[in-house]
Amino acid sequence: MLHRIGIPEGFGLVPILIGATAASLLAGNALAERLAVDLYVRPGTLATVDGTVLPTLCYAEQETGDAELPPPAFRLEAGDTWEVTLHNQDDTAHGIEVVGIGGSSSSVAPGSSELFVFDFPSSGTFLYRDPVAYPVNQGVGLAGIVEIADPGATHDADFTWLLMDHSEEWMNGVESGLSIDTAVYIPNYFTVNGLSGADTSGDPRAHITGRVGDQLLIRVANGGLRIHTLHFHGYHVDVMSRNGAELADPISKDTVPIPSGETAELMLTPHQGGIFPIHDHVVLSVAANGVYPLGMIVFTDIQE
Ligand SMILES: [Cu+2]
C-alpha cells in the first residue's frame, strides 16, 4: 500500500522523519519500524570496466557532489515502513515505485520534493525504480534494491546482485535532451552492482564467499530492461522466492532467468569448494561494448 503526502518545495524534512541514514539501515537496526531516507534524482555517471564514463540519472543519497551508479541498496525488516523523501533535481518529472508494493501512479515535478511511504508486511527482495516515462528513466539508471530481511532467518551469509544493462546511445540521448525511440534498445554494458567483469570480485556484496555446507542467500533484482538468465557453474541453487513471494517448493536449478523488473532469492548451499563463474547466458551480456568477458559475471570462492 502506498501513502503519498505532498510537501512544499524546499521543505526537505518532515516531522515524522526519524533521521535514520542509509548507513544505519545497512548496519541493521532491529528496533526501527519507520526508516526514512532522502533520495535526490539527479544526473550522474557510470564508470565502466573499460574506462568509458557514461551519463546516467541517479537516485543519490547526497544532495550535492558526484552521483554514481550503483544506487544505494536499502535494508529493512519485515513489518517496517520505508519513508522516502524524493527530491527531483532534474529538469523532467521523476518518481519512485517499489515494484509490487506501490508508487507507480505518482510523480514529482522538477525542483519539487514529495514523500513516498512504502509498507513491507513481509520479507523479500524488491526493486525500486522510476515509473515515469517508462522505460527510459529506468533504462538510464533509476533503479535499485530494497531488501526486507526476515528477523528469524537462519542462513549463514547473504549477498545482493542488482543487475543492470546500459545503452550508451540512450544515456547520451537523455543527457542531450533528445527524445528516445523506445522501440530500439541496444545495451552495450552490463553490470552487477555497477561493476562488471572481474571487478565484481572486489564487491563483497557480489562476490560469493563461504564454506561447503553454508547456506548463502543471494538476493537478485533485475533493474535493467533485458531479461538476464544467470548460469551457475559448479552448483545448483534453490529458488526460494520470486518478486517477494516465497515459493512453497523451492526449485533447484543451475540456470535462473530474471526478467526485467523482477526479483528472486536464491539459496546456494555449496557441496564442493572452488572458484566458479556465474554469468548471464546471453554471451553479449557478458561483454563490455563487445569485449568478452567484461560484462555480467560474478564468481564464487568457496572453502572446503
Ligand atoms: Cu555458463
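Predicted model: local features only at pLDDT ≥ 70, side-chain atom pairs only at ≥ 80, totals over all residues.
## Around helix α3

Just after α3, G177 takes a positive phi of about 75°. Residues are numbered from 1 along each chain as its sequence is written, and side-chain values use heavy atoms, with hydrogens and water left out.

Which residues of α3 are buried? Helix α3 covers residues 168-175, and W170, M171 and G173 are the buried ones. Buried means under 20% relative accessible area, exposed means over 50%, and partly exposed is in between (1.4 Å probe, protein chains only). Looking down the axis of α3, the buried residues fall within an arc of 165°, so they line one face of the helix; the arc is taken from the directions from the helix axis to the C-beta atoms. On the other side of α3, E169 and E175 are exposed. The cover over the buried residues includes β2 (34-47), β3 (53-60), α2 (136-139) and β10 (157-166), with contact meaning heavy atoms within 4.5 Å.

## The copper site

Three histidines hold the protein side of this site: H231 (ND1), H233 (NE2) and H279 (NE2) are donors to the copper ion, 1.9 to 2.2 Å from it. Donors are N, O and S atoms within 2.8 Å of the metal (3.2 Å for Na, K and Ca); water is not among the atoms, so sites may look incomplete. Along the chain, the donors follow the spacing H-x1-H-x45-H.

Are H231 and H233 buried or partly exposed? H231 is buried, at 15% relative accessible area, whereas H233 counts as partly exposed at 30%.

## Nonpolar cores

The largest nonpolar core has 43 residues, and L39, W82, I96, F118, F120, Y128 and V146 touch the most other members. It draws at least three residues from each of domain 1 (2-154) and domain 2 (158-303), with bounds from an automatic or database domain assignment. A nonpolar core is a set of buried Ala, Val, Leu, Ile, Met, Phe, Trp, Tyr and Cys residues joined through side-chain atoms within 4.5 Å. A second, separate core of 24 residues includes W161, A206, I258 and I302.

## Confidence

Mean pLDDT (the predictor's confidence in each residue, from 0 to 100) is 91 for the chain, and 89% of its residues reach 70 or more. Over residues 1-29, though, the pLDDT is below 50.

Notes
Helix = DSSP H or I, 4+ residues; strand = E, 2+ residues; numbered from the N terminus.
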